[in-house]
Amino acid sequence: MSEIQIHPTAVVDHGAVIGKGTVIWHFCHVSEDSIIGENCSLGQNVYVAPKVVIGSGVRVQNNVSLFTGVTIEDNVFLGPSCVFTNVLNPRSFVSRKFEFKDTIVKEGASVGANAVILCGHQIGRYALIGAGSVVTKDVKDFEVVVGNPARHHGWVSRFGNRLNFNTEGRAYCPDSCCNYQLLNGCVIESAETKE
């Protein structure tokens, strides 16, 4: 599929850049100066603010708003009604447009339904944010966080399988056949595969 598909009820502002193969569903609004990569899917009622950058292969489920300052890298999954903020101390009567905090969701990460990502933080590569969690600090690569506030709840592989590390700090993903090393509180994916 190479054509862009935009539902007739969606609004795409002049100046938005949309990659081939992307599908934009009912009642979405894609703002000017935003960039959406190739082969993405924006579910019903998604809002993409000006200057938001979305990589390729991203799945944005229904009712997600991506505000200015948010960057979504390739192959990210954003669950239904998850929330991103861009101001730490909003007031209706104070303009803070020059105080927006950047939020980056790194490649392959998944954000569960109804999770809240407070601005100014980074979600690591292939991290997994549990449904309904409130993220108040950075999340490491391959880390699972759950709760309010979101706390460390283990590690997952690139394929989303739970990683069970042995006494030497090594784990294996049966789907990808990749090995992982837990070192100094961080997970590193090894180029070596299990034979």
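Predicted model: local features only at pLDDT ≥ 70, side-chain atom pairs only at ≥ 80, totals over all residues.

Biologist: Which residues form the nonpolar patch on the surface?

Modeller: I4, I6 and V12 form it.

Biologist: Where is I4 in the chain?

Modeller: I4 sits in the segment before β1, which covers 5-6.

Biologist: How exposed is I4?

Modeller: I4 has a relative accessible area of 36%, so it counts as partly exposed. Patch members need over 30%.

Biologist: Switching topic. How many aromatic pairs are there?

Modeller: The count comes to three aromatic pairs. One of them is Y126 with F142, whose ring centres are 5.7 Å apart. Their planes make an angle of 15°, so this pair is stacked.

Biologist: Where do Y126 and F142 lie?

Modeller: Both are in loops. Y126 is in the loop between β18 (122-123) and β19 (128-129). F142 is in the loop between β20 (134-135) and β21 (143-146). The two parts are 16 residues apart in sequence, so the pair ties them together.

Biologist: And Y126 and F142, buried or exposed?

Modeller: Y126 is at 9% relative accessibility, so it counts as buried. F142 is at 1%, and it is buried too. The cut-off for buried is under 20%.

Biologist: What about the rings of F142 and Y180?

Modeller: Their centres are 5.4 Å apart, with the planes at 75°. That makes the pair edge-to-face, because angles over 60 degrees fall in that class.

Biologist: Which residues do the ring pairs link into a cluster?

Modeller: Y126, F142 and Y180.

Biologist: What does S157 touch, leaving out residues up to four places away in sequence?

Modeller: S157 touches F142, L163, C173 and Y180. Two of those names, F142 and Y180, also belong to the ring cluster.

Biologist: Where is S157, and why does it count as buried?

Modeller: S157 is in the loop between β22 (151-155) and β23 (170-172). It counts as buried because its relative accessibility is 1%.

Biologist: Now D13. Where is that one?

Modeller: D13 lies in the loop between β2 (11-12) and β3 (17-18). Its relative accessible area is 26%, so it is partly exposed.

Biologist: What does D13 touch beyond four places in sequence?

Modeller: H29, V30, S31 and E32. For scale, D13 and G57 are 44 residues apart in sequence and 21 Å apart in space, C-alpha to C-alpha.

Biologist: Zoom out. How many helices and strands does the protein chain have?

Modeller: Zero helices and 25 strands.

Biologist: What is the radius of gyration of the protein chain?

Modeller: It is 18 Å. A compact globule of 195 residues would be near 16 Å, so the value agrees. The C-alpha atoms fill a box of roughly 55 × 45 × 25 Å along the principal axes.

Biologist: How much of the protein chain counts as buried?

Modeller: 39% of the 195 residues. The accessible surface comes to about 10400 Å², and 51% of that belongs to carbon and sulfur atoms.

Biologist: And contacts between residues 24 or more positions apart?

Modeller: They account for 15% of the contacts with a separation of 6 or more.

Definitions and conventions. Residues numbered from 1 in each chain as written. Heavy atoms only, no water. Patch = residues over 30% accessible without salt bridge, like charges linked within 9 Å, V, L, I, M, F, W, Y side chains within 5 Å. Areas by Shrake-Rupley, 256 points an atom, 1.4 Å probe, with all protein chains shown as cover. Salt bridge = Lys/Arg side-chain N within 4 Å of Asp/Glu carboxyl O. Helix = DSSP H or I, 4+ residues; strand = E, 2+ residues; numbered from the N terminus. Buried < 20%, exposed > 50% of the residue type's maximum accessible area, 1.4 Å probe, protein only. Phe/Tyr/Trp six-rings, centres within 6.5 Å; stacked < 30°, edge-to-face > 60°. Rg over C-alpha atoms; globule rule 2.2 N^0.38 Å. Contact = heavy atoms within 4.5 Å.
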